[in-house]
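Please read it with the sequence and the structure at hand.

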Amino acid sequence: MSPIARILTLCLLVVPATAQAKLQVVASVPDLAAIASAIGSEHVDVVCLTSPNQDPHYVDPRPSFMVTLNRADLLVVIGLDLESSWLGRLITNSRNPEIQVGSNGYLEVSSVVERLQVPNTPIDRAMGDIHAGGNPHFLLDPRRARSVAQAIAGRLALLAPNHAKDFNAKLEQLDRQLLIVATEARERFQTLTPGQRQVVAYHQSLAYLLDWLGLTPIATVEPRPGIAPSPSHTALVLRTMRSTKTHTLLQESYYQRGPSETLARLANARLYVFPGGADFEGGESYVERLRKLSQGLFEVLGASNAAVSGD
Amino acid sequence: MNSASLSAPLLLLVGAFAPSLATAGREVSTSSTTATRTSTTPLVPPAPELTEQELRAIEESTLGEPPPASADSGVVQGLSRALQSMNPAMSFILDVAAGYFTIDTPDQRGAHDPSRTGFTFQQLELSVNANVDPFFRFDANLVFGEFGVEIEEAYASTLRLPGNFQLRAGQFLTRFGRINGTHPHQWSFMDQPLVNAKFFGGEGSRGLALEVSWLAPLPWYLELVASSGNPTGDCCARSFLGDAEIPLTGPEDLLYTLALEQFIPFDPSWSLSVGLSSQLGPNNTGPGNRSVIHGADLYLRYRPVDSTERAALSWQTEVMFRSRQVPGDLLQDLGLYSQLVWNLSLRWELGLRYEFVTGVAEDPLDLDWDAERQRYAAQVTFYPSHFSRVRAQVNHDYPRYAEAYWAFLVNLEVLVGAHGAHQF
């Protein structure tokens, strides 16, 4: 009983200290947390439920999240079923009326984004674990993130009207930065040859990144979304990479690397692995993350020139 | 049926779609000017001190160029919105098994256990849920089994009670320990733990009840759950009134359950859940005679957050103690199970389980289980995707009161429809 008693005393000290006027914002993924934090700045405390190296489709619904959600003023999620396998029940059981679906404290940012890969035929899971409402990984595109930032700013202003001016100022600042990142990187990637701009992604999650940077998807390592690579499909990807002279593979850090590494070796290609989100805990901003991502990717794609001539 | 009666519903259907399709068409024209306008929620809800013009000015100065939207995406998004409906989220989960037992009449106790040599239809579960309104959520699990349909669960939960309280009312599985509140398709092994079957019944503790739970305002997760329900049913309240037809006369005849759950996250990868539960209610051996079940549970989990293989290791144990008042005597027994489940990769899982349940000699309330029983189980699971799994399990069962036997089982589980939320 003594550790429990110790924790009890500790919490008696902690509870009054945490009572303050800052808006408590909870985000499902680090990129959202970083955007919310940039806009809310000193008026908000942002907690992120997942880490950048964690697959947001498969998160353990820890009961401790319920405690975090219980105290939230605003919950910001991606939506489109990205978090549905772990977050839904936690929201219901959070006992926080302010963050229930339909409340002002619940913001699903996919509602303001122009989505890609919205299925236009009847869907079925034989197609893999596809998202009925479209691809949810739109924060890999700063142009779409601008709408997201705007929605978050709007919601923060609704919840804390006194700080609306500050939120709008921060939004303007972030918006300008996003526009610069978006335009600069896009122009820079245009200098690559069409061959260099061909890529193979692990999962169908990179549509927005490719759309932003003008890259051409050749194949995915997964045969269908959420279905682990099979030998025959991997062989097909290898043949496709060879015939199309594709020398770059891309994937988020939370996907398995074995098949991609093998493909990179056999196809004389480079594998570029990047975090699934900003290192929010480490203080990285969303803009920094995008810069790092596009910079790293540009170097890998540019270097594939040497690989091509070496063929 | 003539053609006129057929065409009437068709016309209705077209009528229902026409306005939404028209809306979709309108959205195409606006989406080319501002992509963000296609949203259904207001983007910047006006703060009190801002006028419409000010807002417009801010919007213009901050929006800049919209992302180039492909011409047809507006149509498609409009279409998907037209197909939106108020239907609840629904899914079907099918569990079928085949088995070989080394004796003719194996003593499998769970209502959905593979129970004989040959094939067993374990269950087809229809899970339905949705928010009712801003105040209630509805959940139901209807189970189609070999012997018909049962309403396993159908209940409403509150969403907006003050003071960190939540109420559940209807028919539901009692929150007692870790296994009892969950459904067979959430289990690693394909049969119910023996102690749950012996103390609660083949369906687990479940029934018509009212539950109030409270999330303590502490820095960590601590939840108190209290419920009260009918102490009846051989499936679900074996230690209490069971299938005895004894009318209830007042609140003292109800079944009461109290549980305390805590969760301690050591770090993003390691965590521990611990719980204590108790259930108290009348039994069928005479007026005033009661039974009580106390349980303790533990769940230690290691899941490296950044594992690219979704690897995890978890150890789960439940211990229960039961005491029943009978005329001139007090019958006491206990049981436990302990299981280790190792998720090796995206596709493979291994599990080991040990069970031990004592029996009361010549137990008048449990004549066919009056001695100790141990069972060992090992399982291996293959996951073709997140929505299907194939399991193989071997049991070695030692009931002291009957012949020991082996069981070799395989199971297929598939899920279609909405992906329900997992439980920790």
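1. The model is a predicted one. Chain A is split into two domains: domain 1 covers residues 17–113 together with 138–183, and domain 2 covers residues 190–309. The centres of domain 1 and domain 2 of chain A, taken over C-alpha atoms, lie 28 Å apart. In the contact between them, domain 1 of chain A contributes 27 residues and domain 2 of chain A contributes 26 residues.

2. Area of the domain interface. About 2200 Å² is buried between domain 1 and domain 2 of chain A, and carbon and sulfur atoms account for 65% of this area. On the side of domain 1 of chain A, A:Pro52, A:Leu140 and A:Val181 together provide 30% of the area that this domain buries against domain 2, more than any other three residues.

3. Polar links across the interface. Between domain 1 and domain 2 of chain A there are 8 residue pairs in polar contact, counting pairs with both residues at pLDDT 80 or more. The interface of these two domains also holds 3 salt bridges.

4. Make-up of the domain 1 side. Which elements of chain A each supply at least two residues to the side of domain 1 that touches domain 2? They are helix 2 (30–40), strand 2 (44–48), helix 5 (142–159) and helix 6 (164–190) of chain A. Helix 2 of chain A gives the largest share, with 6 residues. By class, this side of domain 1 of chain A comprises 17 nonpolar, 5 polar and 5 charged residues.

5. Individual salt bridges. Over all chains, the whole structure contains 37 salt bridges. One of the pairs found is A:Arg289 with A:Asp31, whose side chains meet at 2.9 Å, N to O. A:Arg289 belongs to helix 10 (residues 286–310) of chain A and A:Asp31 to helix 2 of chain A, so this pair ties together parts that are 258 residues apart in sequence. A salt bridge also joins the side chains of A:Arg143 and A:Asp211, at 3.1 Å, N to O.

6. First hairpin in this account of chain B. Strand 3 (residues 136–145) and strand 4 (residues 148–158) of chain B run antiparallel and are joined by 10 bridges. These two strands of chain B form a hairpin with 2 residues between them. Within the pairing, B:Arg137 stands opposite B:Ser157 of strand 4 of chain B.

Notes
Residues are numbered from 1 along each chain as its sequence is written. Chains are lettered from A and ligands numbered from 1 in the order in which they are written. This is a predicted model: local features need pLDDT of at least 70, side-chain atom pairs count only at pLDDT 80 or more; totals for chains, interfaces and linings use all residues. Side-chain values use heavy atoms; hydrogens and water are left out. Domain bounds come from an automatic or database domain assignment. Contact means heavy atoms within 4.5 Å. Buried area is the accessible area (1.4 Å probe) that two parts lose on being put together, summed over both. A salt bridge is a side-chain nitrogen of Lys or Arg within 4 Å of a carboxyl oxygen of Asp or Glu. A polar contact is a pair of N or O atoms within 3.5 Å; within protein, one must be able to donate a hydrogen and the other to accept it, and residues adjacent in sequence count only if both atoms are side-chain atoms. Helices (H or I, at least four residues) and strands (E, at least two) are DSSP runs, numbered from the N terminus. Ala, Val, Leu, Ile, Met, Phe, Trp, Tyr, Cys and Pro count as nonpolar, Asp, Glu, Lys and Arg as charged, and the others, Gly among them, as polar. Two strands pair if DSSP finds at least two bridges between them.
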